[in-house]
Amino acid sequence: MEPRHGYAIMQYVEVETDGAFKIGPATLYTIIKKLLDAGLIEAEPESEPRRKTYVTTAAGISKLEEEVERRRRMLGLATIVLQMKGRKGQ
């Protein structure tokens, strides 16, 4: 993923989810602060102070992989439950 500034991140999320998810500025910058504090993203040193760009760190990529796997397992469990209830699931 290429480095992006806050507004570009908001646009990216909205476009990639076909508008299903929209993040407001207050929510976005709260999330960015938490990710920075956790070392999962970092501000690019050469970015403009008023328009910082952020990039995912190696720790951030590892955490993302863990989250994808965790959600994959949750989806598998949900699919089993739906199938037990006679629903198609997947």
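Which element gives the most to the lining of the largest pocket? That would be H3, with seven residues. Bear in mind as you look around that this is a predicted model.

**The largest pocket**

- The volume of the largest pocket comes to about 840 Å³.
- Its lining is made up of 23 residues, and Met-1, Leu-35, Ile-41, Thr-56 and Leu-64 are the closest to the pocket centre.
- Two or more lining residues come from each of helix H1 (6-16), helix H2 (25-37), strand E3 (53-56) and helix H3 (58-84).
- By residue class, the lining holds 16 nonpolar residues, two polar ones and five charged ones.

**The sheet**

- Three strands form an open sheet in the order E1-E3-E2, and their pairing is antiparallel.
- Strand E1 (4-5) and strand E2 (41-43) each have a single partner strand and stand at the edges, so one side of each is left without a neighbour in the sheet.
- In general, the strands of a sheet pair through backbone hydrogen bonds, in either a parallel or an antiparallel way.
- E1 and E3 run antiparallel and are joined by two bridges.

Terms used
Residues numbered from 1 in each chain as written. Predicted model: local features only at pLDDT ≥ 70, side-chain atom pairs only at ≥ 80, totals over all residues. Heavy atoms only, no water. 1 Å grid on protein atoms, 1.4 Å probe; cavity = no way out; pocket = protein on both sides within 12 Å on 5 of 7 lines; lining within 4 Å. Points joined across faces, edges and corners; volume = space filled by probe spheres on them. Helix = DSSP H or I, 4+ residues; strand = E, 2+ residues; numbered from the N terminus. Nonpolar A, V, L, I, M, F, W, Y, C, P; charged D, E, K, R; others polar. Pairing = 2+ DSSP bridges.
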